[in-house]
Amino acid sequence: MVVMAIVGSVWANGYKQALDPVAARGRSDLLLAADRLVIQLQRYREFAVLMADHPDMYGAGTEEGRARAEEVLLRASDKTGTLAAALLAPDGTLLASIGEAIPPNVLTSAFVKRAANGALGSGRGVLGDRVAKRVFYFAAPQFGDANVVGIILVAVSLDTLEQDWRGNLPSVFFTDEDGRIIATNRSELLFWRKDGARQMVSPNGRTYEAITVQFGSHTIWQQDWSPYVPETAVYITEALPVVGLTGAALIDVSPARRIASLQAAFVGAVSLFFGALLFLALERRRALAEANLVLEDRVSKRTEALLQLNKELRREVTERQEAEAALKKAQDELVQAGKLSALGKMSAGISHELNQPLMAIRSFAENGSAFLDRDKPERAAENLSRISDLARRMGRIIQNLRAFSRQESIPSGKIDVVGVLQTAFELTEARLHAADVELICDIPKGPVWARAGEVRLAQVFVNLITNAADAMVDSPERKLYVAVDDGPELSVSVRDTGPGIEEPERLFDPFYTTKKVGSAEGMGLGLSISYGLVQSFGGTIRGANAEGGGAVFTVVLERWVDGITTEEGQAA
């Protein structure tokens with residue numbers, strides 16, 4: 001009894017919930033059919049309005065004017081599929097017509113008189129000489145000098161309009177103000193008339209009664225009108241004031257019943273299943289209690305072993321953390337040592353770079369003093385200005401050296417890739433000049449923002465440039481190409497014209513070098529350090545042999561856009 005009560009409750013609740021989507025889908029189908037009917041009818045109403053303003057519709061009182069008006073109406077009707085069209089005088093007199101003959105009672109109907117008074121009129125009826133057709137009339141006034149001088153009457157066949165949607169939708173029908181069905185996708189319901197809230201009267205006078213059940217907010221009809229109309233359906237209505245009709249639909253509730261039955265059957269099966277499990281559980285409860293005592297003893301022993309193992313794991317974790325800290329410190333010291341080694345290599349060239357401005361400053365100072373003695377202050381000022389420019393140049397070189405040599409500890413942030421490249425070019429200018437290397441740059445004029453560390457990124461570029469210069473020592477052509485690609489992927493490429501890379505797969509391994517054994521130029525740590533530096537701020541570096549010869553290294557960086565990196569922007 002408990003299971004039956006649960007199953008009944010689940011079925012009722014599931015049926016009620018399943019009716020909502022069924023009714024919503026049915027209302028959508030009804031609105032679709034109603035919109036299609038209204039749009040099609042409005043097209044003929046607009047046809048009547050447009051034909052009322054046609055210049056050939058005036059002067060139909062003569063034979064020539066009547067023939068011209070009928071010709072225009074015929075051409076327009078052939079294009080729109082109008083069943084019949086006519087031009088009437090304000091008193092209802094027929095001036096011109098094409099198509100089916102219009103009954104005399106239509107010429108004096110209320111909607112024609114409405115058009116004679118200057119307003120649009122519409123009505124319904126039956127038209128046809130041999131076969132009666134259901135038609136919808138539209139009457140539009142024809143104005144001349146602010147007065148109604150004629151009426152355009154258009155008749156459209158509802159049978160033609162129904163052909164596009166007959167049988168495709170659920171049972172849909174449209175009734176007039178008298179409750180008579182004048183359009184439907186179930187032809188057997190044509191001309192039935194609704195009599196009261198639950199009765200329908202067929203054209204032969206037979207009365208059909210429907211049983212109405214209110215289930216929640218839905219009205220359920222049970223009827224046996226036709227084998228093509230569902231016996232149990234949700235009754236939905238929609239008013240169409242534009243054409244003076246009321247749309248109704250009968251939506252089959254079989255899917256809702258099927259869903260509710262499946263839910264109830266599932267809950268019933270689950271209830272019986274768990275009832276059987278409960279019965280078995282009670283029978284085995286005593287055996288489980290005895291086994292529980294044995295398990296508790298085992299668990300206590302295992303817990304003691306796990307506690308001991310946990311202590312050992314904590315000790316190993318502490319040792320690993322200490323080892324990682326020592327490794328991090330060693331890596332930082334190795335990076336700093338690499339920078340100091342690079343500074344040592346550049347010291348001779350930089351000394352030359354500083355010595356030249358110092359000699360020039362001395363010469364300009366002596367010249368300025370001589371010009372002052374000769375009473376030529378303009379020439380002396382010019383020499384002082386040159387001394388100032390040379391001092392700024394020396395200050396920039398020293399500033400770049402100080403920034404390059406310091407140990408950067410700040411986190412990665414917003415930096416200008418073009419500015420960092422300019423710094424690297426200044427630091428390696430003397431090295432490239434000594435090696436007779438031609439630098440060819442393809443970089444933007446404005447800033448390119450990326451997420452990185454300024455000093456660490458400068459060290460990477462300095463390493464790549466100096467490595468390229470070393471690789472081209474014995475090459476007949478010494479050209480270094482540096483390009484910035486500001487496309488979908490922000491990257492900086494450094495390509496040389498040297499002999500290339502023998503083992504690209506070992507390029508970033510520590511202590512791997514292509515220089516001669518015993519050479520003092522390096523220990524093979526530069527690229528390994530650069531690889532770790534680029535990865536520290538989320539970038540990647542890769543090296544390969546170029547197609548035309550030489551090696552090419554590409555540094556891919558995370559773009560910085562409006563305070564966020566590319567990776568963070570994609571995640572957002």
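These legends describe close-up views of a predicted model. Residues are numbered from 1 along each chain as its sequence is written, and side-chain values use heavy atoms, leaving out hydrogens and water. Local features need pLDDT of at least 70 and side-chain atom pairs count only at pLDDT 80 or more, while totals for chains, interfaces and linings use all residues.

View 1. Helices (H or I, at least four residues) and strands (E, at least two) are DSSP runs, numbered from the N terminus. Of the 572 residues, 38% count as buried, meaning under 20% relative accessible area with a 1.4 Å probe, protein chains only.

**View 2. Helix α8 covers residues 417-434.** Its 18 residues should span 26 Å at 1.5 Å a residue, and the end C-alpha atoms are 26 Å apart, which agrees. The expected span is 1.5 Å times one less than the number of residues. Buried residues of α8 include Val417, Leu421, Phe425 and Leu432.

**View 3. Helix α8 bends by about 50° at Thr428.** The bend is the angle between axes fitted to the seven residues ending there and the seven starting there. Thr428 is also among the buried residues of α8.

**View 4. Asp416 caps the N-terminal end of α8.** A side-chain oxygen of Asp416 lies 3.1 Å from the backbone nitrogen of Val418. After α8 comes Asp436, with a positive phi near 55°.

**View 5. Val552 sits in strand β21, residues 551-556.** Beyond four places away in sequence, Val552 touches residues including Ser493, Val494, Arg542 and Gly543; contact means heavy atoms within 4.5 Å. Val552 and Thr497 are 55 residues apart in sequence, but 9.1 Å apart in space, C-alpha to C-alpha.

Key: Buried < 20%, exposed > 50% of the residue type's maximum accessible area, 1.4 Å probe, protein only. Polar contact = N/O pair within 3.5 Å; in protein donor to acceptor, adjacent residues only side chain to side chain.
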